[in-house]
Amino acid sequence: MEGCGTIGPPHSASGDTTMIMLILGLLIFLGIHCTGFAPEWRQRRVDSMGVLGWKGLYSVIALVGFVLIVLGFQRARLDPVVLYATPAWLGHLNALFTLMAFILLAAAYVPGNRLRAKIGHPMVAGTKIWAFGHLLSIGLLHDVVLFGAFLVWAIVAFAVLRRRDRARGVTYAAGTLKGDAITVIVGVVAWALFAFWLHGALIGVRPFG
């Protein structure tokens, strides 16, 4: 996890520009993902643009937001601002939260698991846990902005989606022990690959040294 033992230099104009880039990216990326909360509005866009047209526009907007997030986050790491210090043990707790998040992510795709049957939207639930764990363990400004935005989005998204499920009487197929086992195995393997190899290569931080 990123350390926060020292406070970086005073925030500069370039730092402000970097944060604007990060925030703009989050608004674009999370904003386009909010269209799922308004299915009628989205369907009108699909009807007017066609399925491929809407998917293309959606993908371009999401990609622009993602690129801005990555660029803003990477540049902000060069001029870190500490908001709060965190004890080392919270980093280990975050690793556990991240493992849970990966299992929930797997539950969104593995058929016939009881996590999906119970939660309904395990990917969004996993996003909440992932973001919350990082907020607990990292107190740098750019991390708080990034993970705080994802946590707020996930909380709102989960509430809206579950309310919509109840209004529509949506039920999910009951899971099986086999589906649960596959979900856990896939989630643990994906977490291990990311934590021990990909996190360092892609993000530049090695959670376990």
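**Close-up views of a predicted model**

**View 1. Ala149 and its contacts.** Ala149 touches Leu26, Leu30 and Val144, leaving aside residues up to four places away in sequence; contact means heavy atoms within 4.5 Å. The model is predicted: local features need pLDDT of at least 70, side-chain atom pairs count only at pLDDT 80 or more, and totals for chains, interfaces and linings use all residues. Residues are numbered from 1 along each chain as its sequence is written, and side-chain values use heavy atoms, without hydrogens and water. Ala149 sits in helix α7 (residues 141-168). Helices are DSSP runs (H or I, at least four residues), numbered from the N terminus. Ala149 is partly exposed, at 22% relative accessibility. Buried means under 20% relative accessible area, exposed over 50%, and partly exposed in between (1.4 Å probe, protein chains only).

**View 2. The Asp180 and Arg114 salt bridge.** The two side chains meet at 2.5 Å, N to O. A salt bridge is a side-chain nitrogen of Lys or Arg within 4 Å of a carboxyl oxygen of Asp or Glu. The pair links distant parts of the chain: Asp180 lies in helix α8, Arg114 in helix α5 (residues 114-119), 66 residues apart. Asp180 is buried, with a relative accessible area of 17%. Arg114 is partly exposed, at 43%.

**View 3. The Asp165 and Arg162 salt bridge.** Here the closest N and O atoms are 4.0 Å apart. Asp165 and Arg162 are three residues apart in helix α7, so about one helical turn separates them. Asp165 is buried, at 8% relative accessibility. Arg162 is partly exposed, with a relative accessible area of 23%.

Technical notes:
Helices (H or I, at least four residues) and strands (E, at least two) are DSSP runs, numbered from the N terminus.
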